[in-house]
Amino acid sequence: MKIICVGRNYADHIEELKNEKPTDPVLFLKPDTSILLKKQPFFIPDFSEEVHHEVEVLVKIKKIGKHIDRKFAHKYYDEIGLGIDFTARDLQAKLKEKGLPWEKSKAFDGAAVIGNFLPKETFKSVDDINFSLEKNGEIAQNASTKLMLWKIDELIEYISKYFTLKIGDVIFTGTPAGVAKVNSEDKLKGYIEDKQMFSIKVK
Ligand code: ZN
């Protein structure tokens, strides 16, 4: 399986990082080795002084497809989840400055938290799902998928122009504002509506 991530998909997050608004979705990949094993803590890697949490809605692909039209995109997934795209922000800033790929800052071991999934039918619309991240009992990030610049079906259309989507692939759909540094002993809990989707300890 592969993990396809979307960058800069919420206007408020683009502003907080002072990035330019893209004309196309920004895509990058994480390898399967980046998935944080279930029930394991997240260890801050020694090559970074500033790892940020990015809570993101996940889409699990259930059917192989290429050049998927957005009209039919809904047939390619029936589970929605929640995860974290951990990002070594200091390292990413250095790489961005030099125009180099971001992989070292986003694809390292443990950098992809994949929480639980819910059936798509749970929601009236996948384009109006409320989700949040709680850090040490306080809301750190809180948004709705209606604030996405590119909605889930548009992302599937765009991604599948470049990458064949296969069963079990997971799309990280981008983070809203509120990204911040994690510290050792932090407790992170992710919610879709009022359902807890993951709980992680930082070490
Ligand atoms: Zn992200």
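Which residue in strand 5 does Val 55 stand opposite? Val 55 stands opposite Ile 84.

This is a predicted model: local features need pLDDT of at least 70, side-chain atom pairs count only at pLDDT 80 or more, and totals for chains, interfaces and linings use all residues. Residues are numbered from 1 along each chain as its sequence is written, and side-chain values use heavy atoms, leaving out hydrogens and water.

**Strand 4 and its partners**

Strands are DSSP runs of E, at least two residues long, numbered from the N terminus. Two strands pair if DSSP finds at least two bridges between them. Strand 4 has two such pairings, listed here.

| Pair | Sense | Bridges |
|---|---|---|
| Strand 4 and strand 5 | antiparallel | 7 bridges |
| Strand 4 and strand 10 (residues 170-172) | antiparallel | 3 bridges |

In strand 10, Ile 171 is the bridge partner of Val 59.

**The zinc site**

Glu 54 (OE), Glu 56 (OE) and Asp 85 (OD) are the protein donors of the zinc ion, at 1.9 to 2.1 Å. Donors are N, O and S atoms within 2.8 Å of the metal (3.2 Å for Na, K and Ca); water is not among the atoms, so sites may look incomplete. The donor spacing in sequence is E-x1-E-x28-D. Glu 54 sits in the loop between strand 3 (51-53) and strand 4 (55-61), while Asp 85 belongs to strand 5 (residues 77-85), 31 residues apart. Both Glu 54 and Asp 85 are buried.

**Thr 87**

Thr 87 lies in strand 6 (residues 87-88). Thr 87 is buried, at 0% relative accessible area. Its contacts (heavy atoms within 4.5 Å) include Glu 54.

Terms used
Helix = DSSP H or I, 4+ residues; strand = E, 2+ residues; numbered from the N terminus. Buried < 20%, exposed > 50% of the residue type's maximum accessible area, 1.4 Å probe, protein only. Lists of a residue's contacts leave out its neighbours within four places in sequence.
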